[in-house]
Amino acid sequence: MSSSTVQSTATTTAPGGGGRAGRGGHGIREPLSWPERIRAVVGYFLTVYRRTWRGSIIGRFASPLFFLLAMGLGLGSLVDATAGGVGGLSYLHFVVPAIVATQSMWVAMGESTYQVMGYFKWNKMYAAMLATPLRVADILTGHLLTVVFHLATATTIFVAVAAEFGGFAGWGALWCIPIGVLTGLAFAVPVFAYTASQQTEDGYNILFRMVVSPLMLFSGTFFPIAQLPVWLQPIAWATPLWHGVELARGAATGVVSSPVAAWVHVAALLAFVGIGWVLALRLFTRRLVA
Amino acid sequence: MLVSARGLTKTFGDFVAVDGIDVEVRRGEAFGFLGPNGAGKSSTMRMIGCVSPATGGELRIFGQDPAVDGPAIRARLGSCPQADMLDEELTVQENLWIYGRYFGLTKAQTRKRATELLDFAQLTDRRGDKVEPLSGGMKRRLTIARSLINNPRTAPARRADHRPGPAGAAHPLGPALPAQTSRRDPHHHDALHG
Ligand SMILES: Nc1ncnc2c1ncn2[C@@H]1O[C@H](COP(=O)(O)OP(=O)(O)O)[C@@H](O)[C@H]1O
Ligand SMILES: [Mg+2]
């Protein structure tokens, strides 16, 4: 536009147009603190959740039951009868902590793919938030905290149901909850970044078929990765799920190869979260602030 | 001075969308950009709304620089986007309540303001309904009402199909209100339009 045409009319006042300063009125406003901004963002996502929780909560209870039935009673009794369990553990106690971590991965994927794409493209809620004092980092933080909430709820329900049906050997099972949340975040944060880089949902096909499904099978979930061909094993080390599975299993069963190994797993998961955060912030900003 | 721009420029790659415009808008003025499709009106309004960084030139809103004080300026603006950007799964009033919280209004302030704005936008009887089945005009009115939740000093709005009309005191939602209830000529408008 090289010139502008001025169109001037009398101003009309909308309701409540007093001259009062502060946030309710016109004029200079105190800046919002970051906890206020993040709380406002979380408030939106929780309002959405209040409308949808009934649908998701049934699945949260059902999925551990299906897994326990299939793995514990089905596969587990076979493995225990023919091989005497896995490394001194009953198959059920071997597999349940790993499934907690795997379940976290699936919950995280559900929250960070189509959902996030929807807020970019369909209802454009991220863009609507950016027309307010909120910043990109507030939106990302608030949304990810909501994902933490979903992961914590799903993992707690899973652990409670599995414990009720004898899926754990002891109280170490409680560690599976924070470990499940961390494992889920190690997926959610990088996948938030991936979603921001995608214009269409087409990429998710490859993500689910080539990354998520194989990870579920080859991360030591259902059998130790030592059973895999040697050349495949380093791939497991490079994925968040294997670290989550090893941590959850070690914590739940008390069978840990070394404390150092446990800290390496935690560090690896934190690295996925940290690097994912840097990428997500950059890609969200590039997409939303053009 | 609400808005002042000198040589304001916006480029997308090599493409120049806004080529060095000068604009001044004073308090009490209603101001509109006119131009053919693709002239750069929306791009200009997005820069003024502090949701899109200027590529060149100088821009001041309330005397502040959007590049430095974007969030503080946005706290005082009422920005009405071209697309409605409503959460259609939520109710009419939930859309307002949520938005007020983004500006740091307390729950009580937000609810009070939402009640006033619903009345203003003639949506009071639909306040508890989901947004999705509302008519296009009602959604538009809700978006406009939402842009006023923080009681802004200036309210930029972008709407391609507005035509300017002569000056006159009237309801600010004139063009968006249904013809039979509009309190004035439907072509009048007062907010900033891109
Ligand atoms: N995000 C963008 N990326 C690339 N080009 C853009 C973008 N936004 C607008 N443009 C281009 O800038 C020009 C001005 O667009 P716009 O400001 O929407 O015009 P108007 O609102 O006056 O019709 C158009 O040619 C448009 O294609
Ligand atoms: Mg336009």
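**Ligand contacts, chains and selected residues**

Me: Which residue has a polar side-chain atom 2.7 Å from an oxygen atom of ligand 1?
Reply: This is a predicted model, in which local features need pLDDT of at least 70, side-chain atom pairs count only at pLDDT 80 or more, and totals for chains, interfaces and linings use all residues. Residues are numbered from 1 along each chain as its sequence is written, chains are lettered from A and ligands numbered from 1 in the order in which they are written, and side-chain values use heavy atoms, with hydrogens and water left out. The residue with that polar side-chain atom, 2.7 Å from a ligand oxygen, is B:S42.

Me: Which backbone N or O atom lies 2.7 Å from an oxygen atom of ligand 1?
Reply: A backbone N or O atom of B:G40 is 2.9 Å from a ligand 1 oxygen. The 2.7 Å distance belongs to a backbone N or O atom of B:K41.

Me: How much of the area that ligand 1 exposes when taken alone does the protein bury?
Reply: Accessible areas come from the Shrake-Rupley method with a 1.4 Å probe; for residues, only the protein chains shown count as cover. Ligand 1 taken alone exposes 560 Å². The share of that area buried by the protein is 59%.

Me: Which element gives the largest share of the shell around ligand 1?
Reply: A residue is near the ligand if one of its heavy atoms lies within 4 Å of it, and the residues around ligand 1 include B:F12, B:F15, B:P36 and B:K41. Helices (H or I, at least four residues) and strands (E, at least two) are DSSP runs, numbered from the N terminus. Strand 2 (15–25) and helix 1 (41–48) of chain B each give two or more residues to the shell. The largest share, three residues, comes from helix 1 of chain B.

Me: How many charged residues does the shell around ligand 1 have?
Reply: Ala, Val, Leu, Ile, Met, Phe, Trp, Tyr, Cys and Pro count as nonpolar, Asp, Glu, Lys and Arg as charged, and the others, Gly among them, as polar. On that basis the shell has five nonpolar and five polar residues. The number of charged residues is one.

Me: Is B:S52 buried or exposed?
Reply: B:S52 is in the loop between helix 1 and strand 3 (56–61) of chain B. Buried means under 20% relative accessible area, exposed over 50%, and partly exposed in between (1.4 Å probe, protein chains only). Because its relative accessible area is 6%, B:S52 is buried.

Me: Which residue of chain A has its backbone oxygen 2.7 Å from a polar side-chain atom of B:S52?
Reply: A polar contact is a pair of N or O atoms within 3.5 Å; within protein, one must be able to donate a hydrogen and the other to accept it, and residues adjacent in sequence count only if both atoms are side-chain atoms. The side chain of B:S52 makes such a contact with the side chain of B:K10, at 3.0 Å. The backbone oxygen at 2.7 Å belongs to A:A290.

Me: Where does A:F223 lie, and what is its relative accessibility?
Reply: A:F223 is in the loop between helix 7 (202–218) and helix 8 (233–237) of chain A. Contact means heavy atoms within 4.5 Å; leaving aside neighbours within four places in sequence, A:F223 is in contact with A:F94, A:L217, A:F218 and A:L228. A:F223 counts as partly exposed, with a relative accessibility of 28%.

Me: What is the phi of A:K124?
Reply: Most residues other than glycine have a negative phi. A:K124 is in the loop between helix 3 (114–121) and helix 4 (125–130) of chain A, and is partly exposed at 32% relative accessible area. A:K124 is not a glycine, yet its phi is positive, at about 55°.

Me: What is the phi of B:F62?
Reply: B:F62 is in the loop between strand 3 and helix 2 (66–76) of chain B. B:F62 counts as buried, at 12% relative accessibility. This residue is not glycine, and its positive phi is near 50°.

Me: How far apart are the C-alpha centres of the domains of chain A?
Reply: Chain A has 10 helices and zero strands. An automatic or database domain assignment sets the domain bounds, giving domain 1 (1–30) and domain 2 (34–288) in chain A. The distance between their C-alpha centres is 47 Å.

Me: What part of the 194 residues in chain B is buried?
Reply: Chain B has five helices and five strands, in the order β-β-α-β-α-α-α-α-β-β. Its buried residues make up 56%.
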